[in-house]
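Thanks for coming. I have one structure to show today, and I will keep to what can be computed from it. Please have a look at it first.

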Amino acid sequence: MALTNNQAVLRWVDEMAALTKPQEIIWIDGSEKQLESLRAKACATGEMHKLNQERLPGCYLHRTAVNDVARVEGRTFICCRRQEDAGPTNNWMDPQEMYRKLYRLYDGSMNGRTMYAIPYSMGVVGSSFAKYGIELTDSIYVVLNMAIMTRVGAKVLDALGSSPDYVKGLHSKATLDEKNRYIVHFPEDNTIMSVNSGYGGNVLLGKKCFALRIASCLGRDEGWMAEHMLILGIENPQGEVRYISAAFPSACGKTNLAMLIPPEIYRKKGWKTWCVGDDIAWIRVGKDGRLWAMNPEFGFFGVAPGTNQKSNPNALAATHKNTIFTNVALDQETNTVWWEGLNKTPPKNALDWMGNPWSGKTGTKGAHPNSRFTAPAQNCPCISPEFENPMGVPLSAIVFGGRRAKTVPLVYQSRNWTHGVFMGSIMASETTAAAAGAVGVVRRDPMAMLPFCGYNMTDYWQHWLDMEDKIKTKPKIFNVNWFRTDDEGNFIWPGFGENLRVLEWIIRRCFGEADAVDSPIGYLPKPEDLHMEGLSLSKGTLSELLSVNKPLWREEVSGIRAFYDRFGGTVPRPLMQELDALEKSLNA
Ligand code: OXD
Ligand code: MN
């Protein structure tokens with residue numbers, strides 16, 4: 001039975017049902033009873049596997065199709081009327097043409113299946129910062145993941161009332177045909193359509209599709225920002241909590257930073273850290289003129305491999321109950337899960353992520369490198385008490401970062417807002433062996449939004465620049481790089497919890513409590529400005545980490561120019577001027 005009288009919603013659901021022709025429609029009311037019956041149904045069909053309920057209460061394992069294990073950027077489209085509004089970095093097709101193509105793929109795609117209608121909220125239900133969506137799907141896995149990643153159920157429809165202001169999402173696994181897999185956004189219609197995939201990032205439509213691609217367009221139109229950023233609170237021994245948001249491309253340890261544990265010497269003094277979010281921040285100007293960031297999600301969709309007691313004990317703890325694991329290995333002896341990097345003892349009698357017998361010694365992987373855990377945010381031991389604050393938290397600093405072996409110093413600060421936007425626009429990361437293709441190639445990923453911006457990247461930069469006038473107390477903007485290496489390729493910065501030393505300098509800079517020196521790229525700490533007590537790092541190494549190598553930066557400038565050139569003269573003038581100024585000061 002429909003849970004709403006909202007005519008706009010009912011008409012659209014009818015239309016989508018007429019197209020996809022499901023056998024029945026079930027509305028997700030958000031009750032534990034309904035979710036439990038869906039878990040049972042998914043286990044009965046083999047879609048999910050119930051894990052050891054003593055060791056992992058409420059936890060399940062799911063395996064996707066072997067050809068369907070990651071987001072598919074090449075098949076992700078932004079369909080707005082004018083191609084220039086999508087920009088050169090997004091795939092585009094005329095909306096009418098795309099609708100025609102998709103309607104053919106959806107025709108009868110739910111034949112004999114159930115269509116689940118999931119009302120969900122990004123943000124605290126009923127708050128003025130929240131936005132609502134309805135996802136129609138033929139996958140129980142999607143329903144159960146959405147119920148962890150977002151706030152779902154009848155309360156969302158009650159909050160929506162009779163308003164037509166919601167994001168429409170249609171997902172069908174259809175036949176999982178790779179050649180007809182499409183993840184499509186129609187920002188002018190607030191509509192998302194996903195077909196022929198069953199993998200998280202392509203099908204949990206609240207996350208990348210709504211909270212970043214569609215929301216970035218809403219933010220542009222409504223004067224706020226949807227960003228691919230973690231939100232972290234840092235509490236000093238006086239009990240003052242300061243918040244930062246931070247954007248990093250994939251494979252830079254964003255979830256680890258979001259849940260970092262302070263070094264022992266900091267813990268003893270009373271420092272604490274609080275995770276507000278690990279992936280997405282919606283950022284608005286508050287009545288007080290500061291920027292406020294909230295996490296629109298309700299859970300973590302984290303990469304499993306590499307997560308362990310040392311790298312991220314908080315994330316690991318978060319996965320110990322009510323979690324769905326996707327594409328990890330199954331230890332058949334204990335009916336628990338395993339992945340590369342969890343520990344050094346792979347299970348002897350296991351099934352790999354594809355469900356094949358696996359002994360841990362065959363040279364193949366037990367878990368897929370992109371295997372995931374979907375865990376409730378509330379499970380995280382360091383979840384912020386402000387997590388449910390509908391306004392979010394006030395930002396003192398915005399941090400950008402990437403994985404760079406040589407060029408970029410450990411940390412530097414922008415001179416002002418425009419220079420900070422420039423720093424975000426030139427963000428880049430070097431490819432690792434984790435992705436297909438050559439290793440060490442510099443890939444530009446401005447604000448870590450290249451795959452997630454729902455409109456033209458240069459208009460997005462202009463939106464960042466325009467925000468300045470709206471903000472009375474501007475956060476300071478920084479860039480960090482945890483990944484500098486020596487000549488043998490070894491990391492020279494220890495990373496993980498020790499990153500707090502850098503964040504502490506950042507916070508002290510925000511409050512006028514720390515020194516810095518000017519350089520061609522921005523303000524840098526002197527080695528003595530960072531607190532190094534309890535960490536044995538030679539002065540020479542620290543100086544190296546804080547150095548700016550001019551010849552490498554001149555190469556960087558050519559790389560940035562080549563990247564900016566892709567936008568055919570549409571890069572905002574203030575950013576071109578920053579690039580010219582950088583080049584000039586490097587040559588001075
Ligand atoms: C993610 C990503 O899954 O950024 O969060 O790829
Ligand atoms: Mn992400």
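I will go from the whole chain to one helix, then to some strands, and end at a metal site.

First, the ground rules. This is a predicted model, where local features need pLDDT of at least 70, side-chain atom pairs count only at pLDDT 80 or more, and totals for chains, interfaces and linings use all residues. Residues are numbered from 1 along each chain as its sequence is written, chains are lettered from A and ligands numbered from 1 in the order in which they are written, and side-chain values use heavy atoms, with hydrogens and water left out.

Now the chain as a whole. A compact globule of 588 residues would have a radius of gyration near 25 Å, and the chain has 24 Å, which agrees. That radius is taken over C-alpha atoms, and the globule rule is 2.2 Å times the number of residues to the power 0.38. Along its principal axes, the C-alpha trace spans about 70 × 55 × 45 Å. Of the 588 residues, 60% count as buried; buried means under 20% relative accessible area, exposed over 50%, and partly exposed in between, with a 1.4 Å probe and protein chains only. The chain has 17 helices and 30 strands, which are DSSP runs numbered from the N terminus: H or I of at least four residues for helices, E of at least two for strands.

Next, helix α2. Its 14 residues, 32-45, should span 20 Å at 1.5 Å a residue, and its end C-alpha atoms are 20 Å apart, which agrees. The expected span is 1.5 Å times one less than the number of residues. Which residues of α2 are buried? They are Gln34, Leu35, Leu38, Arg39 and Ala42. These cover an arc of only 140° around the axis, which puts them on the same side of α2; the arc is that of the directions from the helix axis to the C-beta atoms. In general, an α-helix has 3.6 residues a turn, so residues three or four places apart point the same way. The face turned away from the buried side of α2 carries the exposed residues Lys33 and Ala44. The buried residues of α2 pack against β1, β3, β5 and α5, where contact means heavy atoms within 4.5 Å. Just after α2, glycine 46 takes a positive phi of about 90°.

On to strand β6, residues 131-137. Seven of its seven residues are buried. Lys131, Gly133, Glu135 and Thr137 point one way, and Tyr132, Ile134 and Leu136 the other. Two strands pair if DSSP finds at least two bridges between them. β5 and β6 run antiparallel, joined by seven bridges, and tyrosine 120 stands opposite glycine 133 in β6. β6 and β8 run parallel, with five bridges; the partner of threonine 137 in β8 is histidine 171.

Last, the metal. What are the protein donors of the manganese ion, ligand 2? They are Lys208 (NZ), His228 (NE2) and Asp279 (OD), lying 2.1 to 2.2 Å from it. Lysine 208 lies in helix α8 and aspartate 279 in the loop between β14 and β15, so the pair ties together parts that are 71 residues apart in sequence. Both lysine 208 and aspartate 279 are buried. Donors here are N, O and S atoms within 2.8 Å of the metal (3.2 Å for Na, K and Ca); water is not among the atoms, so sites may look incomplete.
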